[in-house]
Amino acid sequence: MSAGRRRIYYERLGRALDYLSQHYTEPVTLEDAAAVSGFSKYHFSRLFKEYMNCNFYDYLVDLRVRAAESMLAAGELPITEIALLSGFSSISTFNRTFRQKNQCTPGEYRALF
């Protein structure tokens, strides 16, 4: 692949990453991110994995978990509210995902701070 094409791919994927960092609290889909980057969802998915070393959904979940970690460390909001503010559609999905990523529950994580 030429350097020019690689630079264009980086720029277009960068637009999608910026979009995700601003909208991760919303129900963002692969199609949304692909549209922002100007790629088909199939091409976007392949390029995203190639350039980011993870798939789109893992990246999105990581953004949401990191946001939740920050809010939990601050200790001001109820865990249910943190789950919703960080983009999870349900508390059970939040708890399960958080535990998978951190090997502890959100409550246990909060207790560390």
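Student: Which residue's side chain meets that of Glu 50 in a salt bridge?

Tutor: This is a predicted model, in which local features need pLDDT of at least 70 and side-chain atom pairs count only at pLDDT 80 or more, while totals for chains, interfaces and linings use all residues. Residues are numbered from 1 along each chain as its sequence is written, and side-chain values use heavy atoms, with hydrogens and water left out. The partner of Glu 50 is Arg 46, and the N to O distance is 3.6 Å. A salt bridge here is a side-chain nitrogen of Lys or Arg within 4 Å of a carboxyl oxygen of Asp or Glu. Both residues belong to helix H3, 4 residues apart, about one turn of the helix; helices are DSSP runs (H or I, at least four residues), numbered from the N terminus. Glu 50 is partly exposed at 39% relative accessibility, and Arg 46 is partly exposed at 47%. Partly exposed lies between buried, under 20% relative accessible area, and exposed, over 50% (1.4 Å probe, protein chains only).

The whole structure holds 4 salt bridges. Another of them involves Lys 41 and Glu 31, at 3.1 Å from N to O. This pair links distant parts of the chain, since Glu 31 is in helix H2 and Lys 41 in helix H3, 10 residues apart. Glu 31 is partly exposed, with a relative accessible area of 38%, and Lys 41 is likewise partly exposed, at 30% relative accessibility.

Note on methods: Helices (H or I, at least four residues) and strands (E, at least two) are DSSP runs, numbered from the N terminus.
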